[in-house]
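Biologist: I have the sequence and the model open. Can you walk me through what was computed from the atoms?

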Amino acid sequence: MSLRQMEYFLAVVEESSFTRAADSLHVTQPALSHQVKALERSVGGALLERMPRGVRLTAMGRAFLPHAQLAVRSARQAERAARAAAGVAGGELHLATVHAVAVGLLPGVVARWRALHPGVSLVLREYGSTEALEEQLERGVADLAVGPEPASWTGPLLRLGREELVVVVPFDDPLARRGCVRLAELAHRDWIRCAMEPLVDGVLVLDRACGEVGFTPRTVLRTEHTSTAVRMAAAGVGIVMAPAHMARGAVGEDCVLLSLDPPWHRPLAVFSRVPLTGAAAAFAELLRTAGGPGPAATGPAATGPAVIEPVAAGASPADPDPHRVVVQQCGHPG
């Protein structure tokens, strides 16, 4: 079988039609059909069921599909990587991230990138959770990912530092004049929750943290995206915990950001399936130096567990503290 045959097969699946797939590929329908039949002969059975109106996958086709997608994506990524290794004068860079990082950390970095490297276009894919982000990067959908540090990652990883998690309240809230608040002081407040809030040992992280200080958060609204939750908080629906970079875009007359006492942070990182070279390496370095959320680790790449860390008052987030409470995370709010 050949890469071209797999590309033709994927086009037919995407279009659900040989005719439309041939048009999208700019080939004749007989040529397309010939290549797909040759692919089916090589795998030993039909991958597609030809129907009067369109096609659908057979059992063999469903089993074959994800591997064909990975092979084609990997080939395209290999081509981009090879071209990128020559420099950052041109080409295309594919990025993957979670929604909160896309709307919080990345806009300023991407603007800076466009000023420095106008010849390199960017393709950005957003995901609702770190689990989805890591899974899709493994499938080869992007050259690198930017997001909360994975719990385990076998490929290259560059730590960017730690991003603070803050509490968002309306500008006229009784707490708005304060710079920080203790979690226990929020026991009687209404909370807005994001659907992608992480679990810790099967318990939502906010439920666990609030339980440790003696209360259960009263949830009045659940949203899909953190940015929606922040806007709802600004409107007075309730309060929400959100990454500072994302929430900061909503600051003004609408809402106020309060640090937690002790403060909470989550580590962010750039990670990839293959060593970063060319445009990918340049973008990672730009993130580290110009767009990082806080003190960045400069040592060798590591793949330790992702955490949300309440840091003891007065301690530097970059320094180890024996009294720090570390909450292991299986995911992060996107």
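Biologist: Is D207 buried, partly exposed or exposed?

Modeller: D207 is partly exposed, with a relative accessible area of 25%. Buried means under 20% relative accessible area, exposed over 50%, and partly exposed in between (1.4 Å probe, protein chains only). This is a predicted model, where local features need pLDDT of at least 70, side-chain atom pairs count only at pLDDT 80 or more, and totals for chains, interfaces and linings use all residues. Residues are numbered from 1 along each chain as its sequence is written, and side-chain values use heavy atoms, with hydrogens and water left out.

Biologist: Which residue forms a salt bridge with D207?

Modeller: R193 does, and the closest N and O atoms are 3.2 Å apart. A salt bridge here is a side-chain nitrogen of Lys or Arg within 4 Å of a carboxyl oxygen of Asp or Glu. The pair links distant parts of the chain, with R193 in strand β8 and D207 in helix α8 (residues 205-212), 14 residues apart. Helices (H or I, at least four residues) and strands (E, at least two) are DSSP runs, numbered from the N terminus.

Biologist: And R193, buried or exposed?

Modeller: R193 is buried, with a relative accessible area of 1%. Strand β8, where R193 is found, covers residues 190-194.

Biologist: What is R193 in contact with?

Modeller: Leaving aside its neighbours within four places in sequence, R193 is in contact with L204, L206, D207, P217, T219, L221, R222 and T223. Contact means heavy atoms within 4.5 Å.

Biologist: How many salt bridges does the structure hold?

Modeller: There are 13 salt bridges. One of them joins the side chains of D173 and R189, at 2.3 Å, N to O. D173 lies in the loop between β6 and β7 (180-181) and R189 in the loop between β7 and β8, so the pair ties together parts that are 16 residues apart in sequence. D173 is buried at a relative accessible area of 9%, whereas R189 is partly exposed at 23%.

Biologist: What about E49, which residue does its side chain meet?

Modeller: E49 meets R56 in a salt bridge of 2.9 Å, N to O. E49 counts as partly exposed at 33% relative accessibility, and R56 is partly exposed too, at 46%.

Biologist: Switching to rings. How many aromatic pairs are there?

Modeller: The structure holds 3 aromatic pairs. Rings of Phe, Tyr and Trp (its six-membered ring) pair if their centres lie within 6.5 Å; planes under 30 degrees apart count as stacked, over 60 as edge-to-face and the rest as tilted. One of the pairs is W113 with F283, edge-to-face at 5.4 Å centre to centre and 65° between the planes. W113 sits in helix α6 (residues 106-116) and F283 in helix α11 (residues 278-291), 170 residues apart, so to speak a link between distant parts of the chain. Both W113 and F283 are buried.

Biologist: Why is the pair of W153 and F271 edge-to-face?

Modeller: Because the planes of W153 and F271 are at 65°, with the ring centres 5.0 Å apart. W153 is in the loop between β5 (144-148) and β6 (157-170), and F271 is in strand β13 (residues 255-271), 118 residues apart. W153 counts as buried at 6% relative accessibility, and F271 is buried at 1%.

Biologist: Back to strand β13. Which peptide bond is cis?

Modeller: The bond from D261 to P262 is cis, with omega near 0°. P262 lies in strand β13.

Biologist: What is phi for S16 and H26?

Modeller: S16 has a positive phi of about 55° although it is not a glycine. S16 is in the loop between α1 (3-15) and α2 (18-25), and is partly exposed at 33%. Phi of H26 is near 60°, also positive in a residue other than glycine. H26 is in the loop between α2 and α3 (29-43), and is exposed, with a relative accessible area of 73%.

Biologist: Last one, the whole protein. How many helices and strands?

Modeller: The protein has 11 helices and 15 strands. Buried residues make up 44% of its 334 residues.
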